[in-house]
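I opened my notebook to look up some charged pairs and the ligand site. My entries follow.

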Amino acid sequence: TATPSSVRPAAHFTARSTWLNDPNGLLYHEGVYHLFFQNNPSGDTWGNMSWGHATSTDLVSWQEQAVAIPATAEEMVFSGSAVVDTRNTAGFAGPGQTALVAIYTSARPPLDGAPGIQAQALAFSLDAGNTWTRYEGNPVLDIGSTEFRDPKVFWYGGDNGHWVMVAVDAVDRRVVFYTSPNLIDWTLGSRFGPCHAVGGVWECPDLFPLPIKGTQETRWVLIVSLNPGAIAGGSGTQYFVGDFDGTTFIPTRITESTDPADYDWLDYGRDYYAAVSFNNVPDDRRLMIGWASNWDYANETPTGPWRSAMSLVREIELVRTAGDRLRIAQSPILPPEQSPLHVFDLTVPCTPGARTTLVLTGDDSGVERLTITIDGGERSITCDRTQSGAVDFHPAFPSVDWAPLPDQNTEEIDLLIVVDAHIVEIYAGKGLVTLAEQVFPTAPFTRLHRETIHGQK
Ligand code: FRU
C-alpha cells in the first residue's frame, strides 16, 4: 500500500533519491525557471553540500538536472543566488554569449586547527545553465569570517546601476549590504540588525522592491530566515518592509515588542525556511520558494529515497492592511490540472462566538488527522499535527502551531488548503497568513471534514 514515505509530492519539488535543503539561485532565463538547491548528491542527510539543479517551464513540474556545482575536498557549496550578467560586467561571456553567474558561499573545512572560513565565490554558465565553471579568482569576498554566508545578488538601477549583495553575519544577526560594478570587486555599503526575531542565527536574506497593491508606491522587502527562534519553533522566516537606496535599508515599522506575534512572518507553520525569490521574472512578478522542512528534525523525516521537499512556488504581493501595516500576501502557483493534489477552497465564519474545526484525514476512522481550528473570538488559526500519523521520529515534530488571523473587518475568512502527499500548505485571509506543515499519515490525507460551533462568548 502507499504509505506517505512512498508517495512523492507532485508539485513540491523533491530530489530523485537524495537530500535537499535551501532553494538557491532561483532564476528565470529564456523561458526556463531554474531552481538550484542545497543538495547532498550522495546521501539522504545533510552533507557534501553542492548545488543541485532542476528546471521547469510552468513552476509546478520540475525536472532534476545534473548537479550544477559539486562539493570538492576544498569547499562545500553553500547557499546563494544567480543572475543573468546581461551587461557582461564580469567579462565571462565571449562575443554573442550571455553569462549566468552563480554567487555562492564557499564553506571551507577547518584545516590544521584553524576554523573553516565562509567566503563568497562565483561560478558561471555560458550554456544557459546546463554546465557551470568555477571562477579562477575565487573567492571574490572573504572577510575572514566563519559565519558569513548566503549571498543574494541583484542589479539595482538602470544602465548606471550596480550589483547589490545581501548576505548575513549569521551569529551577529546582521544583514550586510555590499555593492559591486562587476560581481568581482565588492564594497561594504551598510548593515542591518539585530532586530525583531533574534533567537537564532540569521540566514538566507533576500531584498526586493514590491509595489503596494492598488497604488503607484513601491516599498522594499527584506527577508531574513532564522534558526532557531521562529514563531512556530525551530527555523522560520521573518520579513521587514522599508526603503532601500542602493546601499542602505531603512525599515518603516520596527516594534520594541518582544512578542513574536508582533513581528512579520512569511509563514506561521513549522515547515517554511530559507525562502527566497526568483531573479528576472517577467512582468515584475515576485515568486518565492521555501524549503518545506525545519532544522529541528529535517534529517529524520520518514521519507525515501528522497528527503525534504521545496514549498509550492508562491506569488507574493504587498498589501496595506489595518493600521496602515504593510504585509505580504501569498498565493500558490497550482497546476492547471489539480488532480495530483487535494485542494480545498472554503470560507468559514469568523464572528466572536464561532469556532470551526477542519479535520483532514486519509480514511474513515480519522484516527490519523490534521486538525485546523479557526477561532472567531480570538481571530486565530491553529494547526494541530500531534495525531497526524508518524510523529515520534523526533520529539520536536508533533506540534500545535498558531497564527493570528488578519484584521480584515469581515465576518468570514477564506481558506485555501493544498495537500500534496506529505506537505500541507494553508493560506488564510487572502494569503496574509500561511502555514506550511509536513505530515506523515499511513494513508495520505484526502478528505476534509468540517464542523462549526456557534457558541456564546
Ligand atoms: C540554511 C543554511 C545556510 C547555509 C546552508 C548550508 O538552511 O544553514 O545558511 O548556506 O543552509 O546547507
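**Entry 1: one pair.** I began with Arg355, which is partly exposed at 42% relative accessibility. (Buried means under 20% relative accessible area, exposed over 50%, and partly exposed in between, with a 1.4 Å probe and protein chains only.) Asp375 is buried, at a relative accessible area of 6%. Their side chains meet in a salt bridge, 3.2 Å from N to O. (A salt bridge is a side-chain nitrogen of Lys or Arg within 4 Å of a carboxyl oxygen of Asp or Glu.) The pair links distant parts of the chain: Asp375 sits in strand β23 (residues 369-375) and Arg355 in strand β22 (residues 354-361), 20 residues apart. (Strands are DSSP runs of E, at least two residues, and are numbered from the N terminus.)

**Entry 2: what I am looking at.** This is a predicted model, where local features need pLDDT of at least 70, side-chain atom pairs count only at pLDDT 80 or more, and totals for chains, interfaces and linings use all residues. Residues are numbered from 1 along each chain as its sequence is written, and side-chain values use heavy atoms, with hydrogens and water left out. I checked the confidence: the protein chain averages a pLDDT of 96, and 99% of the residues score at least 70. (pLDDT is the predictor's confidence in each residue, from 0 to 100.)

Entry 3: How many salt bridges does the structure hold? I found 25. One of them joins Glu203 and Arg149, with the closest N and O atoms 2.6 Å apart. Glu203 is in strand β13 (residues 201-211) and Arg149 is in strand β9, 54 residues apart. Both Glu203 and Arg149 are buried. I also noted Arg320 and Asp324, whose side chains meet at 3.9 Å, N to O. Here Arg320 is partly exposed at 35%, and Asp324 is exposed at 56%.

**Entry 4: the ligand.** Which residues are around the ligand? I listed Asn21, Asp22, Gln38, Trp46, Phe78, Ser79, Arg149, Asp150, Glu203, Tyr273 and Trp295. (Each has a heavy atom within 4 Å of the ligand.) By class, this shell has four nonpolar, three polar and four charged residues. I then looked up polar side-chain atoms facing oxygen atoms of the ligand. The distance is 3.1 Å for Asn21, 2.7 Å for Gln38 and 2.6 Å for Asp150. The protein covers 95% of the 320 Å² of accessible area that the ligand has on its own. (Accessible areas come from the Shrake-Rupley method with a 1.4 Å probe.)

Key. Polar contact = N/O pair within 3.5 Å; in protein donor to acceptor, adjacent residues only side chain to side chain. Nonpolar A, V, L, I, M, F, W, Y, C, P; charged D, E, K, R; others polar. Helix = DSSP H or I, 4+ residues; strand = E, 2+ residues; numbered from the N terminus.
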